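Here's a quick briefing on how the side chains pair up and pack in this one. Have a look at the sequence and the model, then read on.

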Amino acid sequence: MSPTGAVPIKVQEGTSEICDNTDRADPAELRDYYARKRSVAVRSSLLLSGIAILVALRSPILGLDLAIGGGCGVANMLLVMRNAERLLSGRRSRGVYGVSNLLRVFGLGALPAIVAVTGPPWTLAISYAGFFTPLVSYALEVRNGLRRGT
């Protein structure tokens with residue numbers, strides 16, 4: 001024990017290594033991941049486009065807000081996944097990962113809010129419903145896959 005009463009802590013130096021996690025990934029699981037990502041993006045786009053057209057028949061501004069929010073949501077989902085893939089494969093540092101996520105959030109997350117300012121107060125909720133639909137859809141798809149064991 002030191003004279004101040006503090007317990008000394010032993011620190012061990014070492015190097016951190018960045019490794020490509022895709023080398024250890026099962027090729028079948030990677031195929032499933034890419035197929036799931038693609039199918040969720042396509043299904044979300046089709047679903048939101050159809051709903052946006054129906055909403056636009058009643059209120060063109062709300063339909064446009066939903067379509068813009070949905071488009072930003074699909075782009076956001078794909079960029080989140082791409083950024084994480086690059087981080088895990090060692091092709092992106094943690095600093096760049098954080099900065100690119102920050103830029104993505106401010107760019108794609110703010111656009112639906114900026115567009116929604118032009119309409120009624122509930123427009124923001126409709127716009128963000130479109131924005132978060134792809135992420136919720138992907139989460140449900142993963143949950144169902146885990147329950148099925150795939």
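Which residues make up the largest nonpolar core? Keep in mind that this is a predicted model. The core has seven residues in all: Tyr33, Val40, Ala41, Val74, Met77, Met81 and Tyr138. On the charged side, the structure holds three salt bridges.

**The nonpolar core**

- Take Ala41, one of the core residues: once you set aside its neighbours within four places in sequence, Ala41 is in contact with Val74, Met77 and Leu78.
- As background, nonpolar side chains tend to be buried together in soluble globular proteins.

**Helix 1 to helix 2: Glu85 and Lys37**

- Glu85 and Lys37 meet through their side chains in a salt bridge, at 3.0 Å from N to O.
- Lys37 sits in helix 1 (residues 27-58) and Glu85 in helix 2 (residues 60-88), so this pair ties together parts that are 48 residues apart in sequence.
- Are these two partners buried or exposed? Glu85 is buried, with a relative accessible area of 13%, and Lys37 also counts as buried at 13% relative accessibility.

**Within helix 2: Arg82 and Glu85**

- Glu85 also forms a salt bridge with Arg82, where the closest N and O atoms are 3.7 Å apart.
- That pairing stays inside helix 2: Arg82 and Glu85 are three residues apart there, so about one helical turn separates them.
- Arg82 counts as partly exposed, at 37% relative accessibility.

**Helix 1 to helix 5: Arg43 and Glu141**

- Which residue does Arg43 form a salt bridge with? The partner is Glu141, with the closest N and O atoms 3.1 Å apart.
- This pair links distant parts of the chain, since Arg43 belongs to helix 1 and Glu141 to helix 5 (residues 123-148), 98 residues apart.
- Arg43 counts as partly exposed at 42% relative accessibility.
- Glu141 counts as partly exposed too, at 21% relative accessibility; the buried label would need a value under 20%.

Conventions:
Residues are numbered from 1 along each chain as its sequence is written. This is a predicted model: local features need pLDDT of at least 70, side-chain atom pairs count only at pLDDT 80 or more; totals for chains, interfaces and linings use all residues. Side-chain values use heavy atoms; hydrogens and water are left out. A salt bridge is a side-chain nitrogen of Lys or Arg within 4 Å of a carboxyl oxygen of Asp or Glu. Helices (H or I, at least four residues) and strands (E, at least two) are DSSP runs, numbered from the N terminus. Buried means under 20% relative accessible area, exposed over 50%, partly exposed in between (1.4 Å probe, protein chains only). A nonpolar core is a set of buried Ala, Val, Leu, Ile, Met, Phe, Trp, Tyr and Cys residues joined through side-chain atoms within 4.5 Å. Contact means heavy atoms within 4.5 Å.
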